[in-house]
Amino acid sequence: MTALLAGLLLLVAATGTGVVLSRRPERQVMAMAANGLALALLFAALQAPDVAFSQLVVGTAAVPLLFLAVLASIRLHRPEERPGDRPEKGA
Amino acid sequence: MSRRARGILAAIAALALAPGALAVVRAMPPLGDHPLPYGDAVNRVAPAERAVSNMVTAVNFDLRGFDTLGEEVMLLAAVVGAVVVLRGARGEGVGDRPARCGSRPIPPRSDAVVLLCRMTAPLTLIYGLYVVLHAALTPGGGFQGGAIIGSGLVLVWLGEGYNAWRRMVPGVVLHALEGGGAGLYALAGFGAMLTGAAYLANMLPLGDWGSILSGGMIPVVNFGVGLAVSGAFGMLFLEFLEETREPEKGEEQ
Amino acid sequence: MSALPWSVALWLFAIGFYGMITSRHYVHLIGCLSVMQSGTYVLLLSAGFRWGAGPPVFADHPPGTPAVDPVVQALVLTDIVVGAAVTALLLALALQLHKRRGTLDPEELRPMRR
């Protein structure tokens with residue numbers, strides 16, 4: 001039990017760091033889903049099934065989906081390329 | 001402020017706060033080995049007093065019911081704000097064309113996606129309803145079940161496409177769910193006041209232990225939260241996915 | 001082990017703070033904010049944990065068996081769902097910002113450069 005909790009806590013810290021360090025928002029969405037899943041597992045291990053449930057639905061499905069919709073919309077409404085703009089990578 | 005100056009300022013602030021934060025971490029009691037007076041009191045008293053088996057639900061919808069009303073209103077305000085901000089530029093008009101992303105057509109959905117969504121979408125929605133209704137008994141409740149229902153609506157969009165989705169999930173219904181759920185919660189509190197009790201006091205018969213309707217007022221306010229949260233997530237997905245459409249020429253933007 | 005949960009909570013808060021300061025994209029910044037927020041979840045749920053206790057749901061074990069603190073769980077539970085709605089509000093603001101100004105880089109959005 002101790003090892004499980006310690007491992008999950010470290011996993012949450014690692015995936016949270018991953019969310020911050022993935023600077024491209026498209027990649028960050030996937031990191032966020034991974035972080036949400038790690039948090040849900042940690043909450044289940046901390047004997048909080050209600051919270052794990054909530055985190056699983058919201059953190060791995062709903063919020064990443066909203067981010068994806070926003071990123072799709074940003075690509076759609078991109079203004080005309082201005083001179084001096086860096087070309088968008090991987091668009 | 002330049003990037004550099006901002007970084008230096010943040011570093012100074014972090015250095016100033018770090019000793020305090022580390023002292024707090026060091027002074028915290030060890031994990032899982034310290035008294036929990038409030039939790040123990042709830043675990044001791046609430047099963048007998050409220051006849052529900054899920055203590056988290058008892059805290060959320062009864063013992064701290066007024067606080068949850070505040071959370072509920074925060075949810076309503078945030079969702080209304082998001083919808084107003086998005087519609088402020090786009091207008092109320094809702095088109096019925098499938099999504100297009102620039103000049104790039106959306107590839108047709110594969111049969112496997114359609115089949116999988118047709119199988120999982122109804123099951124997800126029913127499961128969400130089950131989670132809402134069994135709040136008093138097993139892990140779950142209005143917040144989780146509402147989020148499952150709201151997210152399950154997206155499976156309809158994924159499997160049936162934009163047109164069918166907009167026909168099957170009218171925005172008006174989602175607005176009514178959101179407002180009606182929050183209103184049900186607030187009015188339930190006034191219902192208790194009619195009998196002379198305090199706002200949100202539990203005045204209904206408590207029911208039997210282990211029954212789906214146990215807990216007196218808990219199933220009522222829980223159902224209100226379930227309606228409001230499913231409406232909230234449905235509205236958010238509807239508005240955000242609407243943003244990914246390209247407006248047709250001549251259509252109100 | 002005894003200080004690990006509090007350290008992880010502090011780490012999540014600090015790394016999210018660092019990400020917000022150095023962010024060059026508002027959508028990325030909102031993601032960093034949610035990492036900061038998850039630090040509070042870890043802190044609260046760890047504070048309510050107790051060794052050898054079960055979940056505070058007496059469906060399959062009778063009332064009176066040791067259980068963890070349900071109060072902090074109720075706090076975190078509502079905050080996760082409400083926090084998602086607030087995140088959506090922030091995303092909507094970022095989206096409108098992008099429509100009006102054509103960029104989401106905080107450096108390019110300074111009013112004096114207009």
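This is a predicted model: local features need pLDDT of at least 70, side-chain atom pairs count only at pLDDT 80 or more; totals for chains, interfaces and linings use all residues.

**The contact between chains C and B, and the annotated spans**

The contact is made by 39 residues of chain C and 45 residues of chain B, where two residues are in contact if their C-beta atoms, placed from the backbone, lie within 7 Å. On the side of chain C that touches chain B, at least two residues come from each of α1 (4–22) and α3 (70–101). Helices (H or I, at least four residues) and strands (E, at least two) are DSSP runs, numbered from the N terminus. By type, this side of chain C holds 28 nonpolar, seven polar and four charged residues. Here Ala, Val, Leu, Ile, Met, Phe, Trp, Tyr, Cys and Pro count as nonpolar, Asp, Glu, Lys and Arg as charged, and the others, Gly among them, as polar.

Residues are numbered from 1 along each chain as its sequence is written, and chains are lettered from A and ligands numbered from 1 in the order in which they are written.

I turn now to the annotations. For chain C, an unreviewed UniProt entry places the feature "transmembrane region" at residues 6–22, 29–51 and 71–95; UniProt positions follow the numbering used here, feature names are shortened, and annotations may be inferred rather than shown by experiment. Residues 6–22 of chain C are 100% helix and 0% strand, with end C-alpha atoms 24 Å apart. Residues 29–51 of chain C are 83% helix and 0% strand, with end C-alpha atoms 36 Å apart.
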